[in-house]
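Welcome! Open your viewer, and let us walk through this protein one selection at a time.

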Amino acid sequence: MSQKIRVLIVDDSASVRMALSEIIAADPDLEVMATAADPYVAAERIRQEVPDVIFLDIELPRMDGLTFLRKIMAQRPIPVVICSSLAQAGSETLMQALEAGAVDVVSKPRVDTAHFLQESRMRICDAAKAAAHAKLRGVRKAAPALAIEAKLTADAVLPAVSETRRTSLMARLPVTEPIVAIGASTGGTEALREVLEALPAASPAIVIVQHMPEKFTAAFARRLDASCAVSVREAQDGDAVVAGSVLIAPGNQHMQLVRNGSLYSVKIVDGPHVSRHRPSVDVLFRSTAQTAGRNAMGILLTGMGDDGARGLLEMKQFGSPTIAQDEETSVVFGMPKEAIQRGAAGKVVPLGRVAQEIIGFARSAPQRIGGAA
């Protein structure tokens with residue numbers, strides 16, 4: 001049997017430390033190595049034993065979490081998951097933490113109802129497992145990724161179509177403006193930044209699902225918008241999908257691509273977790289396949305688990321060119337690997353080539369047939 005993933009919890013709240021400890025200890029693959037109320041105590045714990053993963057709050061006594069994170073990454077890189085309250089969500093500090101080397105961000109556990117507690121348990125444990133297998137500073141963790149079984153598929157939100165129905169839809173889909181659908185999870189924030197910053201303003205419309213908690217995606221979109229030539233924002237229900245713009249699914253809600261004639265927009269919907277996530281890449285990819293078909297490109301980037309693999313295969317079956325990020329440049333080679341093994345990836349490319357693939361797709365896409373419906 002493989003060893004358990006050892007977690008160090010750093011938070012000044014005793015109740016949060018207890019709640020996180022109970023959640024982590026209940027998972028058979030995880031264990032709490034130690035807890036600490038501030039970075040100085042945490043540093044002493046690390047000197048005694050190096051954890052596999054650190055759960056780190058931002059606001060801490062004696063030294064703030066961001067400063068401590070930067071010291072960890074500079075001196076002895078360890079996978080760090082930022083654990084923040086919703087009151088802090090959306091702050092630029094959280095985006096700085098991801099840029100400084102944190103591999104993921106989760107909300108502090110909600111214990112107000114059994115439903116929200118269960119969602120917190122799933123998200124926290126999945127984040128710990130993904131972080132434990134993340135590459136830091138180009139150094140790959142030796143252990144293989146842990147398999148995460150999906151409890152629900154995209155059928156729970158958007159039904160699949162039969163082979164006959166798919167053939168019929170493909171025949172009737174008119175040529176429209178090209179669209180790019182991207183999915184990412186652990187390591188995706190920096191991967192998306194690299195891709196989007198390399199795109200010119202005159203790029204095809206892009207819709208994105210990045211696994212992030214509620215309210216965090218708005219700050220992430222603002223951060224990207226300030227550094228990219230394309231326009232980036234968190235999607236709202238009914239937003240038009242147009243060239244030169246990027247829409248990021250809001251945390252805790254699914255996003256679907258919908259169409260009115262030759263024009264596209266997004267639909268923001270509630271619903272159960274799909275492939276253990278909300279928003280789910282599978283939901284976005286499936287709707288894109290059924291709505292845009294060959295007019296869309298699907299791209300699956302770094303992440304833990306298998307969300308997006310089924311949806312990417314559907315996009316390929318509907319005639320979409322599809323891409324998976326390669327293992328060498330993935331922080332966690334989970335989602336892309338699943339897509340490759342299912343035959344969903346038409347190409348496997350390093351992260352540095354993804355923007356070129358998008359530009360090439362836009363140039364080679366058939367021109368829109370005026371007003372075709």
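Predicted model: local features only at pLDDT ≥ 70, side-chain atom pairs only at ≥ 80, totals over all residues.

Residues are numbered from 1 along each chain as its sequence is written, and side-chain values use heavy atoms, leaving out hydrogens and water.

**Stop 1: D57.** Select D57, in the loop between β3 (53-56) and α3. Strands (E, at least two residues) and helices (H or I, at least four) are DSSP runs, numbered from the N terminus. UniProt, in an unreviewed entry, lists D57 for "modified residue: 4-aspartylphosphate"; such annotations may be inferred rather than shown by experiment. Is D57 buried or exposed? D57 is buried, with a relative accessible area of 2%; buried means under 20%, exposed over 50%, partly exposed in between (1.4 Å probe, protein chains only).

**Stop 2: helix α4.** Now select residues 92-100, which form α4. Its buried residues are L94, M95, A97, L98 and A100. Show α3 (65-75), β4 (80-84) and α8 (216-227) too: they are among the elements covering those buried residues.

**Stop 3: the open sheet.** Select the 7 strands in the order β8-β9-β7-β6-β12-β13-β14, which pair in parallel (two strands pair if DSSP finds at least two bridges between them). At the edges, β8 (231-234) and β14 (347-349) each pair on one side only. To finish, zoom in on L300, whose bridge partner in β13 is A324.

Methods: Contact = heavy atoms within 4.5 Å.
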